[in-house]
Amino acid sequence: MLVEIVEKILARIGSVMRIGGCLCLLGMALLTVADITGRLNRSPIFGSEEIVTFLAVLALGLSLPYAHSHRSHIGVEVFVQLMSTKVRRRLKLFRETLSVIFFATVTVMMLAYARDKHLSGEVSMNLGLPEYLFLYALGACFAVATLTMFVDLLQFVLQRRNS
Amino acid sequence: MSPAGIGFLGIAIMLLLFATRMPVAFVMGVVGFVGFSVLTSVQGGLNMLSRSMYEVFVSYDLTTIPLFILMGQLAFNAGISRRLFTTTYHFFGHIRGGLAMATVSACTAFGAVCGSSPATAATMATVAIPEMKRFGYRDRLAAGAVAAGGGLGMIMPPSVVLIIYGVLTEQSIGRLFVAGILPAFILTGLFLCAIWITCRRHPDFGPAAEHFSWHRRIKSLTGLIDTIIIFAVVLAGLFKGWFTPTEAASVGAFSVLVLGLVRRQLNVRLIFKSLEETLRTSCMILFLVAGAVVFGKFLAVTRIPFTTASYIGGLEIPALAVMAIIVFIYFLGGCFMDSLAMIMLTVPVFYPVVMNLGYDPIWFGVIIVLVTEMGVITPPVGINVYVVYGVTTAMKQNISLESIFRGIYPFLVATVIGIALLFFIPQIVTFLPSLM
């Protein structure tokens with residue numbers, strides 16, 4: 001029951017993040033075109049490359065749960081298809097557990113990296129934007145993706161137990 | 001154990017993990033991180049992991065990828081592919097196998113606005129296969145032409161695979177794009193020959209369809225206008241140095257968006273659909289890049305790429321034979337693995353070897369893209385074959401997987417001839433970039 005509630009909340013967060021990601025992506029394209037147009041009129045947008053880069057960080061980070069829920073990541077299917085259902089289930093449990101551990105590690109380290117940047121007071125070269133904010137945002141996106149993966153894993157384990 | 005020994009152990013574990021169907025990007029990340037930690041320190045590995053991931057996400061060069069994918073998605077949803085097929089159908093439809101030829105030509109043209117091979121195959125499958133079935137084409141020729149033609153999207157600029165190769169090897173993406181143009185046209189010509197020969201040997205495979213007057217054919221050329229405008233803007237911008245690749249991609253995506261809105265073929269729903277699909281694909285690709293970067297750092301610490309390069313360089317066999325072996329490895333790998341993953345995994349190892357042998361990096365990029373293109377249509381993975389099968393099943397066209405796999409053989413032979421041509425006449429690849 002609790003797992004289902006958490007799953008619903010995560011799905012809601014994921015869809016809001018997806019819309020945010022779409023807007024960032026659209027923003028990247030429009031800002032670049034605006035910069036080129038400005039350049040033709042000798043008034044380019046100062047620091048547009050930096051903004052586009054940070055928008056890309058946000059767009060990709062915000063799409064992490066969406067990409068996971070749509071099983072977008074490529075895997076080698078050929079060998080698993082040759083195995084029995086029992087072995088396939090065990091492999092699924094193994095690879096999903098390993099994936100959650102990997103994502104959790106990246107999340108923690110991303111947040112630690114953000115803290116390091118925060119403490120060092122590092123800012124972007126042209127606009128002086130505090131880079132750590134984007135790193136914290138990316139860390140938060142990874143955290144949501146990790147939680148989504150963990151809930152999926154939990155569902156799988158519970159289903160196995162019930163069957 | 002020596003660093004090289006740990007490296008080979010890491011590679012073996014990576015292959016084992018691939019067999020579990022764990023995402024390739026995650027496997028490369030996990031093995032790279034663990035291996036790097038073993039060879040340096042756990043703290044060093046942890047720091048490398050977060051920094052490498054962030055460096056990929058924050059790379060301005062890589063922002064090209066989502067923007068070019070967006071351009072392709074918008075073009076797909078704006079119905080550009082259907083118009084391209086209609087035009088090519090007017091020109092080729094009346095000859096035997098003409099619809100298949102029209103499909104391949106439309107695939108090349110669509111590849112000029114869409115850098116993804118499966119996307120090109122999926123698009124053309126929905127447009128061309130019902131038409132070919134209507135005129136009594138054999139399943140194997142119809143589906144084979146779409147699956148193989150879709151692969152042309154990988155070499156025709158803008159190509160996502162070439163962008164990745166450019167970023168990994170620090171080569172100019174603009175030059176790589178320009179280098180892909182002639183090979184793409186040559187391969188298209190070879191595919192058309194393959195269809196012509198097939199239909200001469202088996203006239204019932206592709207009966208002639210409608211004949212159009214020259215007046216109607218010329219009128220149908222309006223279907224090419226969108227593609228020509230977008231392709232010209234993007235390529236001319238890159239060729240002349242007006243745009244960076246990211247800017248060219250933004251201009252391309254914006255042009256498709258405007259054209260789609262003006263023609264009333266795009267609405268808010270379709271734009272969001274394109275954006276969502278772009279995000280999904282880009283996330284997958286950039287994760288692959290991040291995984292490859294982490295794995296590459298591990299490999300660098302093991303010194304395997306450099307040792308391999310110097311070992312092969314010291315072998316007393318001709319450079320051409322070494323290249324042939326490398327190409328064969330790419331072909332084999334491409335049969336089991338996605339082309340992008342294969343390139344990201346192997347380029348750090350083979351690139352120094354090829355440079356040691358004195359080959360042109362741009363030429364090598366185009367060659368490996370062509371070779372891995374064969375992988376998208378060969379069993380057992382053959383992603384384009386599964387895409388075409390999925391699309392035709394969804395459309396209730398009932399084409400078996402076996403028919404599609406049998407249908408790609410003439411195109412495989414054509415691709416092998418194409419690769420051989422580029423091998424012995426490298427100027428086909430290097431001529432256009434030399435003008436930049």
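Author: Happy to! Let's begin on chain B of this predicted model, where B:L320, B:V413, B:I417, B:L421, B:F424 and B:I425 together make a nonpolar surface patch of about 540 Å². To find your way there, look for helix α21 of chain B, which spans residues 409-424 and gives the patch its largest share, 4 residues. B:V413, for instance, has its place in this helix α21.

Now let's turn to where the two chains meet. Here 58 residues of chain A are in contact with 52 residues of chain B. Between them, chain A and chain B bury an area of about 5,200 Å², and carbon and sulfur atoms give 79% of it.

The rule finds 2 salt bridges across the interface of chain A and chain B. You can look up the salt bridge in which the side chains of A:R39 and B:E247 meet, at 2.7 Å from N to O.

Which elements of chain A give two or more residues to the side that touches chain B? They are α1 (2-40), α2 (48-62), α3 (64-69), α4 (78-81), α5 (85-120) and α6 (131-162) of chain A. The largest share of that side, 15 residues, comes from α1(A). Sorted by kind, the residues on the side of chain A that touches chain B are 39 nonpolar, 11 polar and 8 charged.

Terms used. Residues numbered from 1 in each chain as written. Chains lettered and ligands numbered in written order. Predicted model: local features only at pLDDT ≥ 70, side-chain atom pairs only at ≥ 80, totals over all residues. Heavy atoms only, no water. Contact = heavy atoms within 4.5 Å. Buried area = accessible area lost by both parts, 1.4 Å probe. Salt bridge = Lys/Arg side-chain N within 4 Å of Asp/Glu carboxyl O. Nonpolar A, V, L, I, M, F, W, Y, C, P; charged D, E, K, R; others polar. Patch = residues over 30% accessible without salt bridge, like charges linked within 9 Å, V, L, I, M, F, W, Y side chains within 5 Å. Areas by Shrake-Rupley, 256 points an atom, 1.4 Å probe, with all protein chains shown as cover.
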